[in-house]
Amino acid sequence: MSTLYERLGGSDSITQISSDIVDLHLANKAISTRFANSDLSRLKQSVAEFFITGTGGPNLYKGKDMLAVHKGMNISAVEFVAVLDDALAAMNKNGVGQREQEEVLFVLYSMRSDVILV
Ligand code: HEM
């Protein structure tokens with residue numbers, strides 16, 4: 001069976017989805033202020049590398065683990081759901097199939113204890 005990375009359309013497709021996720025975060029009232037001081041092109045790049053690596057693509061992501069990234073941010077469960085909403089919206093926009101959306105959602109959801117109130 002092909003990897004999730006391949007079924008998502010590979011690096012170009014995942015890079016586009018990642019850029020859309022960050023843009024949706026900036027338009028999402030539940031979380032937009034979190035990114036007020038972000039370097040957006042750097043953030044999009046990090047998110048794309050994380051996504052590519054985490055779905056079985058090339059090993060590009062050299063950043064911190066999710067606990068270390070989000071530690072001290074005091075992120076709520078509502079904010080976490082807002083991020084999942086944006087990920088689903090970005091995948092829909094880019095024509096990702098339901099099966100692949102479900103797999104990505106499951107992987108993201110499983111990271112909740114590294115992100116919420118850490
Ligand atoms: C499963 C869910 C999540 C994943 C996979 C995720 C992933 C990431 C990644 C890959 C980075 C970049 C790390 C780096 O540059 O080294 C990041 C940064 C960040 N995340 Fe998350 N994140 C998640 C949930 C959230 C939530 C719910 C919030 C709060 C709304 C949040 C807020 C942030 C902020 C503020 C940054 C730093 C942005 C910056 O450096 O400019 N994240 N996240």
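A polar contact is taken here as a pair of N or O atoms within 3.5 Å; within protein, one of the two must be able to donate a hydrogen and the other to accept it, and residues adjacent in sequence count only if both atoms are side-chain atoms. The structure is a predicted model, in which local features need pLDDT of at least 70 and side-chain atom pairs count only at pLDDT 80 or more, whereas totals for chains, interfaces and linings use all residues. Residues are numbered from 1 along each chain as its sequence is written, and side-chain values use heavy atoms, with hydrogens and water left out.

The secondary structure of the chain, assigned from DSSP runs numbered from the N terminus (helices, H or I, at least four residues; strands, E, at least two), comprises 7 helices and 0 strands. The radius of gyration, taken over C-alpha atoms, is 14 Å, close to the 13 Å that the globule rule (2.2 Å times the number of residues to the power 0.38) gives for 118 residues, so the chain is as compact as a globular protein of that length. Along its principal axes, the C-alpha trace spans about 40 × 25 × 25 Å.

Histidine 70 belongs to helix α4, which covers residues 66-70.

Around the ligand there are 20 residues, of which Ile31, Ser38, Arg42, Ser46 and His70 come nearest, a residue being near if one of its heavy atoms lies within 4 Å of the molecule. Oxygen atoms of the ligand are placed 2.6 Å from a side-chain N or O atom of serine 38, 2.6 Å from one of arginine 42 and 3.1 Å from one of serine 46. Helices α3 (40-54), α4 and α5 (77-93) each supply at least two residues of this shell, and the largest share, 4 residues, comes from α3.
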